[in-house]
Amino acid sequence: MINKNITILGSGNIGLSLAKGLVKANISKPQNITLTRRNLAALQAQADTGFKTSNQNLHAVKEADIVIIAVLPQQLNRLLEEIKPGINIQKQLFISVISGVSCADIRKQLEADVQVVRAMPNTAIAIGQSMTCIATDNASAENLKLVKSMFDTVGISIEINEELMTSATALCACGIAFFLRSIRAASQGGTEIGFHAHDALKMAAQTAKGAADLLLQLASHPEQEIDKVTSPKGCTIAGLNEMEHNGFSSAMIKGIKTSAIKAGELYKED
């Protein structure tokens, strides 16, 4: 149990999912978590279950031990300017889930030497299956461990070097969409060869889940598992080669690289 007051600034999908995960895992109590949003009515369901809600970011920060920043990159500077008077360098830990914003960027805008940890979850956080990457340039080992334990309640987390956080955005956060698109494409192929659309989607999704679990549970490599299902002159290798001839792997790699470049520019565009 974290006996600290937690404030989540910008309680959208990521912020709300984390708050629910912390409570479900008995890491925190709802009354110790403040959720902020401009439209308080959107947080009524959370208020009804015991969470504190507010549209006053400064007041919420003053009461917090842990401040989680979960707004869009374009909204960050205005938010940080708003909460500056409520900063307590001695007791507060800041956690940022904003793409393309470094720990140093946040300290610079706050004009305060606060401890900052960056975290990059993905939308699977909503079902407790997020892949979250965590990095810092000045937080203590104790605080880093604390942040990891928080995000482990909503999936799996790993610590990486901060210079790789933008890459993590592309591979893990944007990556959800890439894998969903591949599942959608597989289901469309299934429909074309005779299955009803809803059956094809269920079959494709479960097949993708099984493929992922093979790698995670067996600590295996994709090529090892591919070799098990490809036989000489078989239908699997014929399909794989056709996809490769049409740029399947190349398209995925290029997409990830493009997303990484864009992610690094989001905050600079402000």
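Predicted model: local features only at pLDDT ≥ 70, side-chain atom pairs only at ≥ 80, totals over all residues.
In what order do the eight strands of the open sheet stand?

View 1. Residues are numbered from 1 along each chain as its sequence is written, and side-chain values use heavy atoms, with hydrogens and water left out. The order is β3-β2-β1-β4-β5-β6-β7-β8, with mixed pairing (strands are DSSP E runs of at least two residues, helices H or I runs of at least four, both numbered from the N terminus; two strands pair if DSSP finds at least two bridges between them). At the edges sit β3 (52-54) and β8 (155-159), each with a single partner strand, so one side of each lacks a neighbour in the sheet.

**View 2. β1 beside β2.** Here β1 (residues 6-9) and β2 (residues 33-36) pair in the parallel sense over four bridges. Look for L9, opposite T36 in β2. Helix α1 (residues 13-24) lies across β1, β2 and β4 (66-69), running at about 165° to β2 (angles run from 0 to 180 degrees between N-to-C directions, and axes are lines fitted to C-alpha atoms, for helices over the stretch in contact).

**View 3. α4 against α5.** Helices α4 (residues 73-83) and α5 (residues 103-110) pack at about 50°, their axes 9 Å apart. From α4, L76, N77, L80 and I83 meet I106, Q109 and L110 of α5 (contact means heavy atoms within 4.5 Å).
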